[in-house]
Amino acid sequence: MTTLKFKIIVIEDDPPIRRFLRTALETHGFEVVEAATGKQGVIEAKIRKADLVILDLGLPDMDGVEVVKAIRAWSEMPILILSARSAEIQKIEALDAGADDYLTKPFGLGELLARIRVALRHASGTSEQTQAGVFSTGNLKVDLINRRVFNGDREIHLTPIQYRLLAVLVKHAGKILTHRQILKEVWGPDCIESAHYLRIYMSQLRHKLEADPAQPQYLLTESGVGYWLKV
Amino acid sequence: MAANERPNPDALLARVARKQAKARRGRLKIFFGAAAGVGKTYAMLLAARERRAENLDVIVGLVETHERAETKALLEGLEVLPPRQIEYRGTVLREFDLDAALKRRPSIILVDELAHTNAPGSRHPKRWQDIEELLDAGIDVYTALNVQHLESLNDDIGQIAGIRIWETVPDTVFEAADEVELVDLPPDELLLRLKEGKVYLPQQAQEAIRNFFRKGNLIALRELALRQTAHRVDAQMLDYREDNAIREVWQVSERILVCIGPYALAERLVRAGKRFAVSLRADWIVVYVETPELQRLPAEKRDAVLKVLRIAEQLGAETVTLSSPAMSEAILKLASERNVTKIMMGKPSRRGWRRFALGSVVDTLIAEAHNINIYLLGSPHKPEEAEDELRLAERRRDVLPGLLQRSKARKQGYYLGYLWAAGATLISAVLAKLMHGRFEQSNLAMVFLLGVALVASRFGRGPSVFASVLGVLVFDFFFVTPYHSFAVSDTQYLITLGAMLAVAMLISNLTANVRSQAKVAAHRERRASMLYAMSKDLAAAASEGEIVRTAVRHIYVEFGSQNLILFPDAHGRIVYPQEESIPESLRQADLSVAQWVFDHNELAGQGTTTLPGTKAVYFPIDDGSTVLGVLALNPVNLRRVFLPEQQKLLATFLRLIAQALTRLRFADQAKKVALQAEAEGLRNSLLSSISHDLRTPLATIVGSASTLAEDDGSLKPEDRKELSRAIYDEARRMSNLVSNILDMARLDAGMIRLHREWYPVEEIIGTVLTRFGKQTAGREVKVALPPGIPLIYCDAVMIEQVLANLLENALRYTPAGSPLEIAAETSADSVEISLADRGPGIPEGLENRLFEKFYRVREETAQSGVGLGLPICRAIVAVHGGSIRAHNRADGGAVFAFVLPLDQPPPDVLQDEGAAS
């Protein structure tokens, strides 16, 4: 490995999980720094110039969401949240506070690595697909400069809002966006409580872009949290 | 025989119970004297100072120093409870403050003058009742008492001293005292003290000496006091011997039956019976047999009997009222039932030839009661005087003020009878006139006899005697020679007259007896049917409210009084009922009185000895051991409540109510127990389920992991991979299981808060299908969504879980590769989402059991899952107000469908700016 290793801070109070993450991540070529408390984690993230933070939401000393906010105060480094199941509200709060993605415990290594790669790709600036002003995944192609959308060779006509919605998802492709985040970007800050607008437009988009809207391939729902565009 | 020498176990038990009851109660010490001024208060204060010196918490509740200097000096240094000031008719009375004493809770309290009568408006009319309450509260009491205030000596002292004492203390209080200290002073010394002014203030002294403190009186009183104390010592001796099981004491216990009637002697009989019972240490029963004749007595006399019965109760007797036409028979029956050994009664009222001809109760008893000794008590006065005395006593003793009311209606009926008697005689006369000359004269007499018989059968003795006398006069005047004159020439008509009178008396007596028996029978029947109706209604009552309503209505009907049943709250405080009142309900009740009744399990209120100033009467409702509630009754007429038969009826009512309440409480308890057992069963099945389902994957994990951990390099790479995969899979399975258990627990505990929002059904189905991704590979999953399905208002995460659980079951229990169909349908007010499969279907009859917790079609199979998936579905759908069901398809396979209601107005319709596209 000639390239510099990515440095990951693991903020987690449970030693077995820390041990597992260190072993797994180091085997896959990452450098791992462990922190057992939120406070220590924030300091480590700062002085070690980390590339990514893996953050457990249930910390003994401070709320995970506060850690996200503390890091976001000075850095845009990707933050990956670890949380227990059925804690959607916590996840949404963390995501709204600026976390990039989350994983529900228990999780497998494959899942974790995939999320880390997506997050690092986002952090490295624009993803390859959007560099030329054209995003494409599977049959879906979005020309961001000319505002045109294609499914295969067929051009799809979208209403302005439908397009704006798609554009926001494309911009953050691969990343989970909470309802609030999408609503704010598409409809503006006044509409962030009207989640059903979003769901109806999402449904319309799926009907236009997906082969089977009931089994979507691109426009995926993160249950109780938000949506994301599969890359 | 040896068995005879052993103490009777019942007696031993009674003694232990007595000792235990005493241990809880405070101890009562009475300083007992022959008269005022012998130094009781002084002795009491001395004793108190000694206790104080022993560092006991002694306070003075109330002490009458009568301004005597020596006594006042002793009060120094003792804590004195401030008296309660009561204003009564313009003067301020100082009374003992019972509540303050109970609140202060000293270990010993001094309360002077046991026989004192409290000011009106106090909780109890008498001070000894205050002291009883102190003792009940576990406080030791020192008090003082003069011999003339003892209830059973009341009569004797009245005779000795020539005055009657109205402030009396029941003998039971004196007998129950733990200690009696006799304070004795020879009469000469007492008189000297009086002269010196040490007893009363000087100006009062002379008057007092003249009235009461005569030397003769004092000697007699002193003798009584000494004798009373000696009695106690005797009793203590007996107790001691009992305690030490000295054999001679174990004799057959005596039981005395005192028979009273509506005469003045009754009260004396009761008092004598009391003394007799005490001297024999025997139980005693006071009985009143009400014959039909006695039922016809005026109300005042019947009330007087009632009062004597109450006095007997106060003296510690058991009282019984019997209703029977034959007095001696009733007495004998009771005597044999209760193993009576001695009967006490008044001397026979019939004397001379009447006694010989008509017999007397006493004679019958003597003839028939073979094993019973009979004691007769003579009357010291002539009967008339005795009557007067009784009436006087009635006026002075206001124990039952409401009882002395006379009935007017009865009087009117009375006069009507005489009118009819005159009428009947007139008609007879007219008939006889018509017959005159055609029939023999003796037949004319028959006509009059017929009239007399008719009157006798209809109107009773008075009118029939009147009719017979009138008839004889008319007969004599008009139809016997010489006509138009009362002179009787022929003596044979005297026989006619005598026969007519005799027939009149005989028939009127007979019919009166028959009628009163019929009345009694009708009364009994009515009562029986009332009790039957009430018990039937109570048995049918399914709730406490219903029981209360039923009871209140029945009591109102029988006693004509508005009433109310009160229950305690969780803290034992009596509270007003929550239920709405019915017309028969009493609107106002004194909760503090009710509370007292509830705490003490004794009745209180009007007509009783506790808080008689209260308007209503309060009865405890108890099931024999605990008080369940309190009946407050506002009597229109005390007689209707306190007559013995009415009291018995009310007691029966209360018992019925208590039984109904107890039954209901037991039923509630049984229901709770059943629920608990069900929960217990559930917990057991949970435990067995969990232990199986958690242990199975754990076994794999532990086994595989230990193999990997102890690997010395001999494992092939593919084996290592295999083991790791097994650990991973099993851990996943366990994770699902634990989530399910936690979800179920949270749903059960009602801890789930729904985050309901508007969702398209399509998105929910889509999310679930995406999540299952690979697992559905190889199967055809058809989604049939008709256009125009409205948004549903739900917690999407939870509804997705419902669908996910159904899908998981379908994948698990149907053959691989078989198709699945997800469909949604709308009706006017609901959306139904269903999942259909082509699997083996649901076994017949199990469609509903599937949704029960921990239910699996096949127990303990290798297929994983705790049997919580479907119960979780049902719980989630239920919190959304919907329902879930399962059924088999006609052409094979099963359908699981849940319905969600569309009960919320849909959200604003969007203005789609790009609708044109």
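Two strands are taken to pair if DSSP finds at least two bridges between them, and helices (H or I, at least four residues) and strands (E, at least two) are DSSP runs, numbered from the N terminus. The views below come from a predicted model, in which local features need pLDDT of at least 70 and side-chain atom pairs count only at pLDDT 80 or more, while totals for chains, interfaces and linings use all residues. Residues are numbered from 1 along each chain as its sequence is written, and chains are lettered from A and ligands numbered from 1 in the order in which they are written.

View 1. In chain B, 6 strands with parallel pairing form an open sheet in the order E3-E2-E6-E7-E1-E8. Strand E3 (79-80) and strand E8 (179-183) of chain B are at the edges, and because each has a single partner strand, one side of each is left without a neighbour in the sheet. Strand E1 (residues 28-33) of chain B runs parallel to E8(B) and is joined to E8(B) by 5 bridges, B:Lys29 having B:Glu179 as its bridge partner in E8(B). Helix H3 (residues 40-53) of chain B packs on this sheet, touching E1, strand E2 (58-62), strand E6 (108-111), strand E7 (140-146) and E8 of chain B, and its direction makes about 165° with that of E7(B); a contact here requires the C-beta atoms of two residues, placed from the backbone, to lie within 7 Å. Angles run from 0 to 180 degrees between N-to-C directions, and axes are lines fitted to C-alpha atoms, for helices over the stretch in contact. Helix H6 (residues 127-136) of chain B lies across E1, E6 and E7 of chain B and runs at about 160° to E7(B).

**View 2. Strand E23 (residues 830-837) of chain B and the strands that pair with it.** A residue is buried if 20 or more other C-beta atoms lie within 10 Å of its own, exposed if 12 or fewer, and partly exposed in between, with C-beta atoms placed from the backbone. Strand E22 (residues 820-826) of chain B runs antiparallel to E23(B) and is joined to E23(B) by 7 bridges, while a hairpin of 3 residues links E22(B) to E23(B). The bridge partner of B:Ala823 in E23(B) is B:Ser834. Strand E25 (residues 894-901) of chain B also pairs with E23(B) in the antiparallel sense, over 7 bridges, and there B:Leu835 stands opposite B:Phe896 of E25(B).

View 3. B:Ala886 counts as buried because it has 23 C-beta neighbours inside 10 Å. When residues up to four places away in sequence are not counted, B:Ala886 touches B:Ile842, B:Glu847, B:Leu850, B:Ala894, B:Val895 and B:Phe896. The C-alpha atoms of B:Ala886 and B:Glu847 are 5.6 Å apart in space, although the two residues are 39 residues apart in sequence.

**View 4. The packing of helix H27 (residues 717-748) and helix H30 (residues 869-879) of chain B.** The two helices pack at an angle of about 35°, with their axes 10 Å apart. H27(B) passes H30(B) in a left-handed crossing, meaning that the near helix is turned anticlockwise from the far one by less than a right angle. H27(B) contributes B:Asn740, B:Asp743, B:Met744 and B:Leu747 to the contact, and H30(B) contributes B:Gly869, B:Pro871, B:Ile872, B:Ala875 and B:Ile876.

**View 5. The contact of chain A with chain B.** Here 24 residues of chain A are in contact with 26 residues of chain B. On the side of chain A that touches chain B, the elements that give two or more residues are helix H7 (160-171), helix H9 (195-209) and strand E11 (219-222) of chain A, and H9(A) supplies the largest share, 7 residues.

**View 6. An antiparallel open sheet of chain A.** In chain A, 4 strands with antiparallel pairing form an open sheet in the order E6-E7-E8-E9. Strand E6 (134-137) and strand E9 (154-156) of chain A stand at the edges, each with a single partner strand, so one side of each has no neighbour in the sheet. The twist averages 25° from one strand to the next.
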